[in-house]
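Dear colleague,

I am handing over a structure that is new to you, and after it I set out what was found in it. Please keep it open beside this message as you read.

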Amino acid sequence: MAFPHRPDAPELPDFSMLKRLARDQLIYLLEQLPGKKDLFIEADLMSPLDRIANVSILKIVLLGQTPHQEYAIHCHFMHVRWCLRKRESMEEGDQRWINTVAQALHLLSTLYGPFPNCYGIGRCAKMAYELWRNLEEEEDGETKGRRPEIGHIFLLDRDVDFVTALCSQVVYEGLVDDTFRIKCGSVDFGPEVTSSDKSLKVLLNAEDKVFNEIRNEHFSNVFGFLSQKARNLQAQYDRRRGMDIKQMKNFVSQELKGLKQEHRLLSLHIGACESIMKKKTKQDFQELIKTEHALLEGFNIRESTSYIEEHIDRQVSPIESLRLMCLLSITENGLIPKDYRSLKTQYLQSYGPEHLLTFSNLRRAGLLTEQAPGDTLTAVESKVSKLVTDKAAGKITDAFSSLAKRSNFRAISKKLNLIPRVDGEYDLKVPRDMAYVFSGAYVPLSCRIIEQVLERRSWQGLDEVVRLLNCSDFAFTDMTKEDKASSESLRLILVVFLGGCTFSEISALRFLGREKGYRFIFLTTAVTNSARLMEAMSEVKA
C-alpha cells in the first residue's frame, strides 16, 4: 500500500536545497578553525551527519583512535524531556530547543514563501510559533511578495496525544522501527535478516521500491505482497528462456541490474518480516494487542490490569511494563490509588528499586498518575453543568482538571469518534479510515485533530475538545489572505511535531492525504515510539 498520489496531487517543493545548505554551513563552521583538524563526533550524530556530508567531504576521526589531535569538536544531543514535562516551568535548555524549531520554520518560510494558514495546539507549539513570528517581524520583507509554495502549517505538541505514541505499531515501517530502530532514515539489519554473518545498513526511502510499496501497509498484508512480488520477479527472470542473442544482450544491459537490486531488497524485507514475526510470536503479540484495544475502548479494565500484573511478574520487559501502565493510566484518567500502589510496588519488586525516580518522572509528565481527590469531582461537575451556563461549567471543569491533571481521554475519544464502530470485521486490505494503522481499533488522536482543523480551517466547533485537552490557552489559528496562494499550494500541508512523531501517525496522514487530495510534509524534532518515550523517562539506562 504505497498510497499512490492521486493524478491531481500537488508537486512537492525542492527540498534538496536544505541538504545543500546544511552541508555548506557545516563546512563553513569548520573552516573558521584554522589549520588541520580532527573531528570528534558522538555516536548518535553519525547517522544525521552522514545524510548531509560523507567522508569524501569530511575527515572523521572517532574518539580514541588518534593519539594526537589539534582541534576537537564534541557534538552533544541534549536529552529533550521538555516535550514531556507539561505543567512545569520551561528550563533554559528547553527554550533554546524551541528556538531551534522557530529558526527552522523561519528558514523554510524564507526558502519556500510564507505560510498562508497556520494552526497549532500545545504549549511548546505556541512558544515556537511566537518566536518564529518574532523572527519574521525582525526580518520583515524577506518573504514579502513571495508566492507561497506550502499552503498550510500545523504545529502540534507530543503531550497533546501520548496515547498514540504508547500504542504498539502494526504498519510495516513502524514495526521495523520498533524491532530494529530506524535512525535518521537508515536501519541496521543483522545476520538474522541478511542470512549471512554480516550486518547491513539499509537506507529506507522511496528509492527502495519494495519498501516504498509496503511501508504504510498493515503487517498482516505484507507477506502476501512480498510473495506476489517474488513470483513476479521470478517471471521476469524466466523471460530469458527463448531469447535470441540480441534480446539477451538488451536484457543484460537494461534490466538485469535492476532485477538483481530488486531481488536483494526483496530478500532483505522478507528476512525482516520473518525476524519481526519470530519476536512477536515469542511475545504473544496478539494477546498484547487485545489488551491495548481493550484499554483504548474502555472495556475489561480489570482483566487488562491483571494482564499488566502478570507481565510485570514474568519480568517480560521493564520498558514494556511501564508502557502498559502508562497506557492504562492515560486512558483511565489516572489509576485508582489501590491499583497505583499495587502496580508500583510489584514493578519495583520485579525490576528493582532503582526505578523509583522513573515513577516520579512519569508522574510529572502526566504519563502515570494516581487519581487525586479532585478526580472524584466528576459527579459534581455533572451536577454543576446543569445549573450554570456552558461557559461557566467549562471554567469550573478546567479548574477541576488542573487539580486532577486528567487526560480526559474517554471524553475526547467520544467527541472525535476515535474508536470506529463497524459492523463485522474491519477490512485491513481496503482500509476505510486512519484507524487501519491500529488494526481498525483506534484513529490516532493527533491525526484526527489535524483532519478536523483542516476541514474547518480553524478550531471553530472544537472548543470542547480543546478544553478537554487542557489547551484552551494554547490553540491558535493565523490566517492571511490567500490571494497569492495557488490551489496546488493550498493542498500542501506541513505538519510540525514538537516532541516527536511515530511512523503510525505518518502512515495515517498519508492515508488521509490520499483520501482528501492533500499532500503532507513532515517536520519533527524526532521520530519516536513507545520504547523511546519510556526510555526518555527512565532513570535506569539499558
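In which sense do S1 and strand S2 (residues 152-157) pair, and over how many bridges? S1 and S2 pair in the parallel sense, and there are 5 bridges between them. Please bear in mind throughout that this is a predicted model, and that what follows was computed from it.

To begin with the whole chain, there are 22 helices and 7 strands in it, and 49% of its 542 residues count as buried. Among the contacts with a separation of 6 or more, 77% are accounted for by residues 24 or more positions apart.

The sheet

The pairing of S1 with S2 belongs to an open sheet of 5 strands, which are arranged in the order S5-S1-S2-S6-S7 with mixed pairing. At the edges of this sheet lie S5 and strand S7 (519-524), each of which pairs on one side only. From one strand to the next, the twist averages 15°.

Whereas S1 and S2 are parallel, strand S1 (residues 117-121) pairs with S5 in the antiparallel sense, likewise over 5 bridges.

Helix H19, for its part, lies across S1, S2, S6 and S7 and runs at about 145° to S2.

Helix pairs

H19 (residues 445-456) also packs against helix H21 (residues 503-516), with an angle of about 30° between them and their axes 9 Å apart. An angle under 35 degrees counts as roughly parallel, and H19 and H21 are therefore described as roughly parallel to each other. The crossing in which H19 passes H21 is right-handed. On the H19 side, the residues that meet the other helix are Ser-446, Cys-447, Ile-450, Glu-451 and Glu-455, and on the H21 side they are Glu-505, Ala-508, Leu-509, Leu-512 and Lys-516. Sorted by kind, the residues of this contact comprise 5 nonpolar, 1 polar and 4 charged.

A second pair to look at is helix H12 (residues 301-313) with helix H13 (residues 318-331), whose axes come within 9 Å and cross at roughly 160°. Since angles over 145 degrees count as roughly antiparallel, that makes H12 roughly antiparallel to H13. The crossing of H12 and H13 is left-handed. H12 contributes Ile-301, Thr-305, Tyr-307, Ile-308, His-311 and Ile-312 to the contact, and H13 contributes Glu-320, Ser-321, Leu-324, Met-325 and Leu-328. The residues of the contact of H12 with H13 are 7 nonpolar, 3 polar and 1 charged.

Single residues

Is Glu-173 buried or exposed? This residue is found in helix H6 (residues 172-180), and its relative accessible area is 4%, under the cut-off of 20%, so Glu-173 counts as buried. Leaving aside residues up to four places away in sequence, Glu-173 touches Ile-182, Phe-211, Arg-215, Phe-503 and Arg-510.

Two further residues may be worth a look for their backbone angles. Ser-195, in the loop between helix H7 (191-194) and strand S4 (200-203), has a phi near 55°, which is a positive value in a residue other than glycine. With a relative accessible area of 70%, over the cut-off of 50%, Ser-195 is exposed. Asn-417, which is not a glycine either, has a positive phi of about 55°, and its place is in the loop between helix H18 (409-416) and H19. At 44% relative accessibility, Asn-417 falls between the cut-offs of 20% and 50% and therefore counts as partly exposed.

With kind regards

Methods. Residues are numbered from 1 along each chain as its sequence is written. This is a predicted model: local features need pLDDT of at least 70, side-chain atom pairs count only at pLDDT 80 or more; totals for chains, interfaces and linings use all residues. Side-chain values use heavy atoms; hydrogens and water are left out. Axes are lines fitted to C-alpha atoms, for helices over the stretch in contact, and angles run from 0 to 180 degrees between N-to-C directions. Helices (H or I, at least four residues) and strands (E, at least two) are DSSP runs, numbered from the N terminus. Angles under 35 degrees count as roughly parallel, over 145 as roughly antiparallel, 65 to 115 as roughly perpendicular and the rest as oblique. A crossing is left-handed if the near helix is turned anticlockwise from the far one by less than a right angle, and right-handed if clockwise. Contact means heavy atoms within 4.5 Å. Ala, Val, Leu, Ile, Met, Phe, Trp, Tyr, Cys and Pro count as nonpolar, Asp, Glu, Lys and Arg as charged, and the others, Gly among them, as polar. Two strands pair if DSSP finds at least two bridges between them. Buried means under 20% relative accessible area, exposed over 50%, partly exposed in between (1.4 Å probe, protein chains only).
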